[in-house]
Each structure stands twice: as structure tokens, then as C-alpha cells.
Amino acid sequence: SDTIDYDIETSTAKFRSDIVQLKDEKHNVLRTSTLDYCTKDSIAVFHDGGSMTMEDGQIIESEHGIYDTGLKKVNFIGDVNMYVDTVYVKTEALDYDTAAKVAYFTRDVDFFREGDMMSARRGWYNRETETFYFQDNVHCMSDRREAWCDSMYYFKLPNDVMMLGDAQVQDTLKHITAVADYMLYESEIRQLTLSDNAAVAMRTVQNDKVDTLYCGADNIIYNVEKFGNIEESEKVNAEKRKSEILTDAVSAYRERVQKEAQ
């Protein structure tokens, strides 16, 4: 800092400068312009804006903050922004554990990644496992899909999404709606798996007539991949299942009985 005023009675060092910089033993760097540091409790308080850059490049900034260097925890308060590679998170309160590398979103949170956006009441982010978790009124939007659920996991490295509890996904381009208590989207194979009260509704328009097909099952697998890119074995199995579904069970039984009688 440019200046330091030390208050002996409160054991507080007051740092004032265009840029006040505090670095811990893990090389996490806190930058601000107004910092009060209590040498007795090892607690730093900043006002009027500040940002912390973690050793791995993650950045968190806010209007105010409290850094307990003994507990290795930082409370970011007011207009909080977190930047993690291609992910941007905005909230009003965030608690960060610098030892465990876990960020806790304690108030309404908005999540942005490229063209996708998500909002929820609270959640957390584990930097070590690259996992986000959101809960309460989870709402997701992209250029062609919209989704709701009670809670959601986003696994950043494989780019997979798991939705739990009263989950619903709408594909506005293909006019498909899927509901289930459990949904898992696997990005690498572009596949959506539904289970627990799973159902799908597909709306089609032909000759100005609207028709909706409903399908329910214990488990439903929806391939987002184009049909031409699906493996041939999967197509063969699908055709077999389709043939079994469309078979008249009564006629098949009678035919089998007649053959056995001969």
C-alpha cells in the first residue's frame, strides 16, 4: 500500500492506496483501495470494491468483503461477480473457502456460459471437481431449450447436466417437452436419459392440423444426435423395439398357438 495507519487500541492496520494488495501463502491475491486488517484476529475487511485472484486464475469481485485469513474464508458481499474460465456467475453474497476451493452462493444466483443462462436461489461450486450445484427454483435457458427443476448439478469438465425433482425440458425448435424426476444429459454422446415418472410429449403439424404424441415409461433415452450420426447397432435395436411395440399381441398369440397345434 501507499500508506498505513495503525490503531494500537483496536490492533487495526488501515491500508490506503490506488491499489492495496494482500497475498496469502497459497498465492491468492486480494486487490482493493481501502483495506482494514486486524492483526489480533487476522481478519481483513475491504470496502468500495475489491477482487481476489486465485492461484489457478479464478477471479471473484464484490463491493465489500471480509477475509478471515485464519479460517481461510472470504465473505464477498454486494454485486458479486465470479469468473471461472468460460463461466460467469453473478450474485449478492458468496462465501469462498480458499483451503477447500469451494464457493457457496447464499443468495439468488445467475449463471452464464456462452449462450446458456441459469438462475436459482442458492448453490455452490467446487473448483477441485469442477462441479456446480444449484437448488430452489432452478430455471435454465438457451437459444432453443428451456428447463426447470428443483435442483441441478453441472459437471463442467464433461459438460454434463443432472436435473432432479420435478424436472421439465422444452425444445422449442422441435416442439418436444420432456418431464421426469431424474434427467441426465451427457454431452459427449449427446444423450438425455429420463427416469422416475418420465414422459415425453411431441407436437407435430401436418396439413394445418396439430397432433400431440404422448409417451411415458420407466426409462426414456432421447438421442439429441442426428439420426445419421447414431451407431448402426442402436438403430437396429430401436427398430426391433418398434416392431415389438406395434405387434398385435392377440394375433401373435393365436398364430403361435396354431403353429404349436400343427
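**Notes on the model**

1. Strand β18 gives the largest share of the lining of the largest pocket, with 10 residues. The structure is a predicted model, and the comments that follow should be read with that in mind. The pocket holds about 1,100 Å³ of space, and of the 25 residues that line it, Ile221, Tyr222, Asn223, Ala238 and Arg241 are the closest to its centre. The elements that give two or more residues to this lining are β17, β18 (209-223) and α1 (232-246).

2. The count of cavities of 30 Å³ or more comes to one, and the largest cavity has a volume of about 40 Å³. Its lining is made by Lys26, Asn28, Met54, Glu55, Asp56, Tyr96, Thr98 and Lys101. Asp56, one of these lining residues, also belongs to a network in which salt bridges that share partners join it with Asp85, Arg127, Glu130 and Lys156.

3. The largest nonpolar core has 47 residues, of which Met82, Phe105, Phe132 and Phe134 touch the most other members. Strand β7 (residues 73-84) supplies the largest share of this core, namely five residues. Leaving aside neighbours within four places in sequence, Phe105 is in contact with Met82, Phe132 and Phe134, and its other contacts include Val89, Leu94, Arg122 and Trp124.

4. Asp160 deserves a careful look, since this residue of strand β15 (residues 160-171) is buried yet has no salt bridge. The nearest side chain of opposite charge, that of Arg113, is 10 Å away. Not counting residues up to four places away in sequence, Asp160 touches Tyr153, Tyr154, Phe155, Tyr185, Glu186, Ser187 and Glu188.

5. Asp171, in the same strand β15, is paired with Arg145 of strand β14 (residues 145-155), 26 residues apart, so that distant parts of the chain are linked. The closest N and O atoms of this salt bridge are 3.6 Å apart. Asp171 counts as buried at 6% relative accessibility, whereas Arg145 counts as partly exposed at 28%.

6. The search of the whole structure finds 15 salt bridges, and one of them joins Glu25 and Lys72, with the closest N and O atoms 2.4 Å apart. Here too the pair links distant parts of the chain, with Glu25 in the loop between β2 (12-23) and β3 (29-38) and Lys72, 47 residues apart from it, in the loop between β6 (64-68) and β7. Glu25 counts as exposed at 52% relative accessibility, and Lys72 is partly exposed, with a relative accessible area of 25%.

7. In helix α1, Lys235 and Glu232 are three residues apart and therefore separated by about one helical turn, and their side chains meet in a salt bridge (3.3 Å, N to O). Lys235 counts as buried at 15% relative accessibility, while Glu232 is exposed, with a relative accessible area of 54%.

8. Which backbone angles call for a second look? Most residues other than glycine have a negative phi. Asp48, however, has a positive phi near 60°; the residue lies in strand β4 (residues 43-53) and is exposed, with a relative accessible area of 58%. Arg190 also has a positive phi, near 50°, and lies in the loop between β16 (176-186) and β17 (191-206), where it is partly exposed, with a relative accessible area of 33%.

How values were computed
Residues numbered from 1 in each chain as written. Predicted model: local features only at pLDDT ≥ 70, side-chain atom pairs only at ≥ 80, totals over all residues. Heavy atoms only, no water. Helix = DSSP H or I, 4+ residues; strand = E, 2+ residues; numbered from the N terminus. Buried < 20%, exposed > 50% of the residue type's maximum accessible area, 1.4 Å probe, protein only. Lys, Arg positive; Asp, Glu negative; His and termini not counted. Salt bridge = Lys/Arg side-chain N within 4 Å of Asp/Glu carboxyl O. Contact = heavy atoms within 4.5 Å. Core = buried A, V, L, I, M, F, W, Y, C linked by side-chain atoms within 4.5 Å. 1 Å grid on protein atoms, 1.4 Å probe; cavity = no way out; pocket = protein on both sides within 12 Å on 5 of 7 lines; lining within 4 Å. Points joined across faces, edges and corners; volume = space filled by probe spheres on them.
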